[in-house]
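Thanks, everyone. I will go through side-chain contacts today, rings to begin with and then charges. Here is the model.

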Amino acid sequence: DLRYNSADSMQAAEHLHGSARLDLRQHGNRWQGELALHLTRGEILITPYYLKIDGAPLDLSARLDWQPGRLALRDLTLDDGATRAEAALDWNLAQNRLIALELHNLRSDADHLYRRYLKPMLGDGLFGDAELKGSLYLRGNYRDGKIGELAAVLHHIDIEDRQGRYQLRDLDGQTGNNGTPSRLTLAGGRWRKLPIGAIRADYRWDARGITLANPLHIPILDGGITVHRLEPQRETYKI
């Protein structure tokens, strides 16, 4: 029944149950070693991230490198049975912020990832109350407030808003921001009561933005919209 609350209440843990193994070696003012956690119950808040562990035990392991003002985790592995991630990160302890994150790979059931890890951050907005099916793979990195390389493979994902605002059926394909060809397909969907037909998007995504490899046609009712060109212009687009 471990509990913790930081002075500013931005980090907290309640009713944690499980086991932990920590093996550390000291070199001057530096500590290095291995960490392994097996958590079976409880809640963790690292603002803005919130995690409730009940119902799906969580295993976490990493190589730890601590020195004044800095914490590095290497070979970081998180596994809860439906989601598995391998990563590395650097944390600035003095400023209490994430400096860098390297997500080597993340494989997950889409609905499990959404409900357990993403939904608490989405609040009551448009994407805060949905049901998902399918699976996905992610890879990417983050440094000093900016997302670097990002790649995703979506495997037959269905998304339906529980409030009936929208629906996407069979979203499938792969995308990435390194300039290689990306393709996403959608079997159909709707926005409010407006039906949308099948869509196929072939494009490239790089530092400039997204450019179409082929015209993008979006069927709507008995007609549709065709986008022939996307021209990135800094933070906007000419269509």
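How many aromatic pairs does a search of the whole structure find? Two. Keep in mind that this is a predicted model.

Take the pair of tyrosine 166 and tryptophan 191. The ring centres are 6.4 Å apart and the planes sit at 15 degrees, so this pair counts as stacked. Tyrosine 166 belongs to strand E11, residues 166-176, and tryptophan 191 to strand E13, residues 188-191, so the contact ties together parts 25 residues apart in sequence. Tyrosine 166 is buried, at 6% relative accessible area, while tryptophan 191 is partly exposed, at 40%. Ring pairs join Phe127, Tyr166 and Trp191 into a cluster. Tryptophan 191 also has arginine 192 over its face, 5.6 Å from the ring centre.

Now the charges. The count of salt bridges is 19. One of them is between aspartate 90 and arginine 70, at 3.2 Å from N to O. Aspartate 90 is in strand E7 (residues 83-92) and arginine 70 in strand E6 (residues 70-79), so the bridge ties together parts 20 residues apart in sequence. Aspartate 90 is buried at 12% relative accessibility; arginine 70 is partly exposed at 28%.

Glutamate 131 and arginine 162 form another salt bridge, with the closest N and O atoms 3.5 Å apart. Here glutamate 131 lies in strand E9 and arginine 162 in the loop between strands E10 and E11, 31 residues apart. Arginine 162 is exposed, at 52% relative accessibility.

Last, arginine 229 meets glutamate 231 in a salt bridge of 3.1 Å, N to O.

Key: Residues are numbered from 1 along each chain as its sequence is written. This is a predicted model: local features need pLDDT of at least 70, side-chain atom pairs count only at pLDDT 80 or more; totals for chains, interfaces and linings use all residues. Side-chain values use heavy atoms; hydrogens and water are left out. Rings of Phe, Tyr and Trp (its six-membered ring) pair if their centres lie within 6.5 Å; planes under 30 degrees apart count as stacked, over 60 as edge-to-face and the rest as tilted. Helices (H or I, at least four residues) and strands (E, at least two) are DSSP runs, numbered from the N terminus. Buried means under 20% relative accessible area, exposed over 50%, partly exposed in between (1.4 Å probe, protein chains only). A charge sits over a ring if NZ of Lys or CZ of Arg is within 6 Å of the ring centre and within 35 degrees of the ring normal. A salt bridge is a side-chain nitrogen of Lys or Arg within 4 Å of a carboxyl oxygen of Asp or Glu.
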